[in-house]
Amino acid sequence: MIALNQVTKNFAIGPATSFTAVDNVSLTITRSSMTILKGPSGSGKTTLLALIGCMTRPSSGRIMLQGVETSFFQASESAEGFDSSSLPERFLTEIRRSTFGFIFQQFNLIKGISALQNIMLPAYPTGEQQPVVKQRALGLMEQFDLLRHRNSPVEWLSGGELQRVAIARALINNPIAIIADEPTAHLDSQLSQAFMESIGQLKDSGKTVLIASHDPIVYSSPLADQVLEMRDGRIVRQELLP
Ligand SMILES: Nc1ncnc2c1ncn2[C@@H]1O[C@H](COP(=O)(O)OP(=O)(O)OP(=O)(O)O)[C@@H](O)[C@H]1O
């Protein structure tokens, strides 16, 4: 589903100097699998997630995403899929929205609005009818045992509830893949386990899952299909689990 071929990302850090955050990375992620990126701080995990999630474009190399259902790509789609590294910004935004759901470290929920509204937020730019989105959001709230909090501002919710709102929000546009960056960084070990169980269920339901994490509860999880270890922007170890 996702293939990177010799992908490099340089950031300009001075008039004539650049820093290579991701260095010549090639990898393959199959559909309905769970991939964990581990590695020390600064090793390039977040940058790699941003490249795969179409939030930034590579300096060189190719990123291929297959099987994305959107009419935008019909014309340019080849037998192998489409090459996100050569598409204009508008298409990239569209790919991002239809392919990926994102879960961030501090969940990035908006205070002052309800849990239901938070879950619906990523659907607003799609132009989909609000009653349809609302029904889907309520379905997700039911699935994650959040219905009684539908009208509660998110600041009233517990850590575990916030985590489930973040997962539901990532699912609102029915993405093919979930990208999570250090999702357990602010959770105790029980909630981290609960997070992995929920994510495992998403994988079982056919979602492709990609997580960057320092947390042994995540990178040692039996649910992972492959663990990629990063150092200095490179993948230094790839572990395929049975
Ligand atoms: N926009 C940017 N401009 C310059 N350097 C950047 C930029 N974004 C990231 N970097 C650098 O690239 C390197 C990789 O950063 P990245 O956030 O991908 O690492 P990480 O493995 O996710 O780290 P952490 O675990 O601490 O989140 C770091 O040295 C970081 O400072």
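These legends describe close-up views of a predicted model.

**View 1. Confidence across the predicted model.** The mean pLDDT of the chain is 87. A score of at least 70 is reached by 90% of the residues. The model has an ipTM of 0.96 and a pTM of 0.87. Residues 68–80 need caution, as their pLDDT stays under 50. For this stretch the model has 14 contacts beyond four places in sequence.

**View 2. The shell around the ligand.** The ligand is surrounded by 13 residues. Phe 11, Ala 21, Ser 41, Thr 46 and Thr 47 are the closest. Two elements, strand 2 (18–29) and helix 1, each give two or more residues to this shell. Helix 1 supplies the largest share, three residues. By class, seven residues of the shell are polar, five are nonpolar and one is charged.

View 3. Helix 1 spans residues 45–52. Six of its eight residues are buried, so the helix is largely enclosed by the rest of the structure. The buried residues are Lys 45, Thr 47, Leu 48, Leu 49, Leu 51 and Ile 52. Thr 47 also belongs to the closest residues around the ligand. In an α-helix, residues three or four places apart point the same way, because each turn takes 3.6 residues. Just after helix 1 comes Cys 54, with a positive phi of about 60°.

**View 4. Strand 9 between two pairings.** Strand 9 (residues 226–231) pairs with strand 3 (residues 34–38) in the parallel sense, over four bridges. Here Leu 37 has Leu 228 of strand 9 as its bridge partner. Strand 9 also pairs with strand 10 (residues 234–240), this time in the antiparallel sense and over six bridges. In that pairing, Met 230 is bridged to Ile 235 of strand 10. In a regular strand, side chains alternate between the two faces of the sheet.

**View 5. The hairpin of strand 9 and strand 10.** Two residues lie between the strands of this hairpin. Asp 232 takes a positive phi near 50° in the hairpin.

**View 6. Glu 155 in its loop.** Glu 155 sits in the loop between helix 4 (130–143) and helix 5 (159–171). Is Glu 155 buried or exposed? Glu 155 is exposed, because 9 other C-beta atoms lie within 10 Å, and a residue with 12 or fewer counts as exposed. Ala 137 is 18 residues away from Glu 155 in sequence. In space, the two are 19 Å apart, C-alpha to C-alpha.

Note on methods. Residues numbered from 1 in each chain as written. Predicted model: local features only at pLDDT ≥ 70, side-chain atom pairs only at ≥ 80, totals over all residues. Buried ≥ 20, exposed ≤ 12 C-beta atoms within 10 Å, placed from the backbone. Near = placed C-beta within 6 Å. Nonpolar A, V, L, I, M, F, W, Y, C, P; charged D, E, K, R; others polar. pLDDT = per-residue confidence, 0-100. Contact = placed C-beta atoms within 7 Å. Pairing = 2+ DSSP bridges.
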